[in-house]
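I have a new model open today, and these are my notes on what I looked up in it.

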Amino acid sequence: MISQHERLVRETGRRLNPSLPVEYEVLPKGSTIPVKAWTDLRTAVVQMDESWKPQGDFLARKGEKTGIEAVCRDIPAHEVAGHNNSEFTQGCPGNVDFHAVMKHQVAKALKEAGKSGLDYLTNAVQDIHANTIVRGISGHSNAGLTLFYEKNLINPSRFFEAFAKLNLVAWGNAADITHLRPYFKNVAEVNAAWKNAAKELDLRLGDLGHNRKILTDKSKWENQAYIIAKHLAPLLDDHTCENTCSHGNTPGECNNPFDEELREPVVQRRVAKEFYDGKRGIPAFMKKTDALLRLYEALGEMPVSARAETQSLGVPIIPYQWKPTDDLTKASLTKFGIDASGGLVLQEPSARLDIPFHYTKQQVDHPDLVVAVLDRSPSMLEALESGNDTKYVPWGDKSKWHYMLWGWFAVTNDLVKTGKIAYVRNNALLFATQTKESGVHRGTQLDALRRWILEHPPSQTEGTSLDMAVLRNNCAGTPKVFITMSDGEVSNWKDVKAEYLLLTSPHLYAHVQIGLASEMSKDLRAAGRNVYSVQKGKDMVALMRGIVAEAYQ
């Protein structure tokens, strides 16, 4: 036979969120925290010490029969309808995307205050929203939350007192305040923190309708997270140890299911792209290299303007630059441009990638990929287009280096999707006045190789030269897919030209010249090598993808 506690808990779960199963467990008698609850978004778990008999004269004023009934309704509701989306609510955060932007703002506020405790404070901020959401559901007075707070207010930290008071402003009434008032220390700094937060949020004590309208406005959650964190973060210290809610949110144990989701690479890629598109800068809760890695992985999945076409002689062609045209026989039926008046115009290719390549040796099944001579001189920081934003991408999101990285990530993404990356060894050579070599990375080490490249942005020293010892080592052995990229002159080209042409001749070789032709690109073209010139960033991405796709077809 199930207990009254379990029956009430399960009834709450079925009523508010029938698609989320609820598991009930009994805590040991006399537990310090007599009720705990959490969710992993697939199920909700509620644990209770059934010997706990919460009481208070305020219960009758809140319309409650017993304290245990209030607890068994309000605590499960916090999980299944406060944080989760439910039959009645848009929970806060409700999904990982809202969680990410709120956590970002909390992290910014913590950094400004010189404090730690990101997961804890993020949970606390979202708890204020979730509790206000639940308070608006019929049959929920939040008296159960008031009783839960009472267990944590015996000797409250400065932070927890301010947190509890801000909750009471958001959703409480005179009965809740009267019941908890004896536990408050009313330190001036604490009162200033919650009062300033309430004022900036425009909350009104005792006006649930007004407050709920404010705190359920999803478009404001990001800014509200910063406001709350800004005022409460300075109060965090070593004495802060309380559970802000029933899902074990203490500084040492923070259980937020959206954090688990946020650790997934596929989610991080989406979040990184959203932060970049929204011009928020790098997510403050991510390490810089992680954030850049996920952004370029996401960009590498995006389609670019090039598309495959075939001429009558059957030679594959990839157009990678375009110009307006009125000639329907030359125009693309899927590629359009915008003229000066804002109207659509047809476009035809103005430059093409002519493949297959011609090599002196037979191609092996899965040749190694050497993206070499990646010019990392300071000129690679120059923008190819206007609007070069450095808020997320430190070297600028219209820079030559940015588009080179985008192209290389796209190339390796394509090899991953076709399954060929498992058979391809990758190496990256970065040339400036000094040479940087990643070393050979197998397909399973792609993440490490990508991080290495991101950690070696353009040099601060002018000049580019070729280190022939490194090239000799990389040109040895079986034929490789060998791509070189540069945006200017190579200082020692005349000295190394003959050996360079000899070393690279056995390989599936292509050179991409960014901008004006150089002596190196002219000599390579004269020697019959595949040389391609690009002026625009996305053309570079399309070109790199086309070269590698054909080489590994």
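**Entry 1: aromatic pairs.** I started with a search of the whole structure, which is a predicted model, and it turned up 17 aromatic pairs. One of these is Phe159 with Phe163, a stacked pair with 6.2 Å from centre to centre and 15 degrees between the planes. I count the pair as stacked because planes under 30 degrees apart fall in that class.

Why are Phe159 and Phe163 separated by about one helical turn? I checked helix α7, residues 158–171: they are four residues apart in α7, so about one helical turn separates them. Are Phe159 and Phe163 buried or exposed? I find Phe159 buried, and Phe163 is buried too.

Entry 2: I looked up where they sit: both are in helix α7, three residues apart, which is about one turn of the helix. Phe160 is buried, as is Phe163.

**Entry 3: charges over rings.** Next I looked for charged side chains over aromatic faces. I found Lys165 over the face of Phe184, 4.7 Å from the ring centre. I also noted Arg529, whose charged end sits over the ring of Tyr509 at 5.8 Å from its centre.

**Entry 4: the sheet.** Then I turned to an open sheet of three strands, in the order β1-β3-β2 and with mixed pairing. Its edge strands are β1 (22–26) and β2 (35–39), each of which pairs on one side only. Direction ignored, neighbouring strands of the sheet are turned by 15 degrees against each other on average.

A reminder to myself: strands of a sheet pair through backbone hydrogen bonds, in either a parallel or an antiparallel way. In what sense do β2 and β3 pair, and over how many bridges? I read the pairing of β2 with β3 (residues 44–48) as antiparallel, over five bridges.

Conventions. Residues are numbered from 1 along each chain as its sequence is written. This is a predicted model: local features need pLDDT of at least 70, side-chain atom pairs count only at pLDDT 80 or more; totals for chains, interfaces and linings use all residues. Side-chain values use heavy atoms; hydrogens and water are left out. Two strands pair if DSSP finds at least two bridges between them. Helices (H or I, at least four residues) and strands (E, at least two) are DSSP runs, numbered from the N terminus. Axes are lines fitted to C-alpha atoms, for helices over the stretch in contact, and angles run from 0 to 180 degrees between N-to-C directions. Rings of Phe, Tyr and Trp (its six-membered ring) pair if their centres lie within 6.5 Å; planes under 30 degrees apart count as stacked, over 60 as edge-to-face and the rest as tilted. Buried means under 20% relative accessible area, exposed over 50%, partly exposed in between (1.4 Å probe, protein chains only). A charge sits over a ring if NZ of Lys or CZ of Arg is within 6 Å of the ring centre and within 35 degrees of the ring normal.
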